[in-house]
Amino acid sequence: MGAGVGAGYRRRGTAAGLFGAALLVAGAVLTSGGGAYAQPSPPPGGQSATGRGEGDDRDGGHGDKGGGSSGDKGNNGGNGKGKGRTGETPRPAGTGAGNGPVAPAADPTTATGAPASPATGHPAPAAGAVLASAEAGLTAGLPTGQGLQQALATVLGDRNLGTVSLAVADAAGGRLLYGSGENTPATPASTTKLATSVAALSLIPGDTRLTTRVVKGADPGEITLVGGGDPTLTALPADQVQIAGLPADADTAPASLDALARQTAAALKATGTTTVKLDYDLSLYSGNPQHKNHDAANIALVTSLMVDEGKVDPKSREDAPARVADPALSAADAFATLLKAQGVTVDGRAKPATAPAAATAPVLGRVDSPTVARLVERLLTTSDNTLAEAIARQAALAAHQPASFEGAATAVTQELARLGVPTAGVVLNDGSGLHQGNAIPPAVLVQLLSLAASEQHPTLRPVLTGLPIAGFTGTLGKRFGSGSGAAEAAGLVRAKTGSLSGVNTLAGTVVDAEGRLLSFAVMTRTNAPADTARAAMDRIVARLAACGCH
């Protein structure tokens, strides 16, 4: 495995276990404000308010077999910030967003509820021990460019990689240690979500929640369902809700459409109203809701109102589940059905509102999503395309840009520049990475990761806590397994995957043999089978984990 392999094996036998010499305890470190778009207060009568390890990357892409909002599916084929309280709006145990009951939490002794990695059989990392950080005083003896070049020469020469570019940096300080084509823009696929997430958490207080509400309409007997941009809003009973195949807990439970219907029905019946006309307000977003590479599987139409991410079967665990043709109308229909169960009949079928709901319209009910910090973790762990586009639009709103594909791309690019990220060569057309025309150099990806690890940017920490853990969670759950040539790096690597047709990317952090946290980005374009290319990339990162590279 190259220089330092002995140290790597010795380190794995210490009390630090899979995570190296220095562990940063990580519940997400959040700082909050109160922008105009934030919804921190509890809903009327209720509380205010990651994952199944799919084996393949799931960005998908036009013409690919996969790529749904549940992850990468590439296979073959003013900024709105304010000052205010710090931390998340608390939720009492046993309650979820929107006053709905929450299913029992997963095993608290593991990060994901899974007892062991499906790839390696190792026990899952303990919750909290998910971020490796360079200890103070470890700046001396950083890996050298020459050492990294020698250690990586063989694995970088694997022909299955095709055209490959690479950047390796000291995560603590962001200093570039080694690169090959590091400043050349390449197709990022789902590693685009790193840019989206960094910009969003920089623009939006981490404890912000996305609110779906019902208000009185302009005419008597009319009510309006107002989309707040929360694609995770669910019509499922609480005991059927799963996130990436695992039960939701109080922090991750989505807002409940049933809870919203109960609140609304109670408010209406209190005034003697049992029959209403229903319309729905989609004015939060603008522009075309259809992604350029829309295929009704990898991603839903991007509308400000939907339930269960527009899935035809909300309990589907398919990589690229079928999506409904009109997510907003489907959500309104589901809401009408739930109202009827509460004794309120909707006269006729719901229709789009002719004008935005008045800001002063009396509120009949509201439910809130998990915090933006939790949503960012979810979209990164499972590579959720639909959720990524929703968060990108929230960033656009915070930056006073149109909540569209174009406005979101502008907002993200401008915020990265404000953070000091060099944006020369960066081209963004979406927030998810499904667009083949996106371009990001590897050096920019490692800088984004270094920002998230920086003490100066604690609000960005969910970018790191949301990264899949090699061999354990999310889109890395079935990678770095036995027979891959990279199994020794399982648990030491946290990385965002990305794949489109002919494109495979991996960007994240790795603990090296001397306990230092490095950030890396590997970007390839190849005709090799996707699984073969990914295994070759994993071996590059495993080599980083196994050496000191001086």
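**Exercise 1. Determine whether the span of helix 9 agrees with its number of residues.**

Solution. Helix 9 covers residues 442-453, twelve residues in total, and at 1.5 Å a residue it should span 16 Å. The expected span is 1.5 Å times one less than the number of residues. The end C-alpha atoms of helix 9 are 17 Å apart, which agrees. Helices are DSSP runs of H or I with at least four residues and strands are runs of E with at least two, numbered from the N terminus.

This is a predicted model, in which local features need pLDDT of at least 70 and side-chain atom pairs count only at pLDDT 80 or more, while totals for chains, interfaces and linings use all residues. Residues are numbered from 1 along each chain as its sequence is written, and side-chain values use heavy atoms, with hydrogens and water left out.

**Exercise 2. State how many residues of helix 9 are buried, and which elements they pack against.**

Solution. Step one: buried means under 20% relative accessible area, exposed over 50%, and partly exposed in between (1.4 Å probe, protein chains only). By this criterion ten of the twelve residues of helix 9 are buried, among them Pro 442, Val 446 and Leu 449. Step two: the buried residues of helix 9 pack against strand 3 (163-170), helix 3 (192-203), helix 8 (405-418), helix 10 (462-465), strand 14 (503-511) and strand 15 (517-525). Contact means heavy atoms within 4.5 Å.

**Exercise 3. Describe the pairing and burial of strand 14.**

Solution. Step one: two strands pair if DSSP finds at least two bridges between them. Strand 13 (residues 493-500) pairs with strand 14 in the antiparallel sense over eight bridges, and nine bridges join strand 14 to strand 15, also antiparallel. Step two: Gly 508 of strand 14 stands opposite Ala 495 and opposite Phe 520 in strand 15. Step three: in a regular strand the side chains alternate between the two faces of the sheet. In strand 14, Val 503, Thr 505, Ala 507, Thr 509 and Val 511 point one way, Asn 504, Leu 506, Gly 508 and Val 510 point the other way, and all are buried.

**Exercise 4. Characterise the disulfide of the model.**

Solution. Step one: a disulfide is a pair of cysteine sulfur atoms within 2.5 Å. The structure holds one, joining Cys 547 to Cys 549 with an S to S distance of 1.6 Å. Step two: the angle about the S-S bond is -60°, and the link is left-handed. Step three: Cys 547 is buried at 1% relative accessible area, and Cys 549 counts as buried at 3%.
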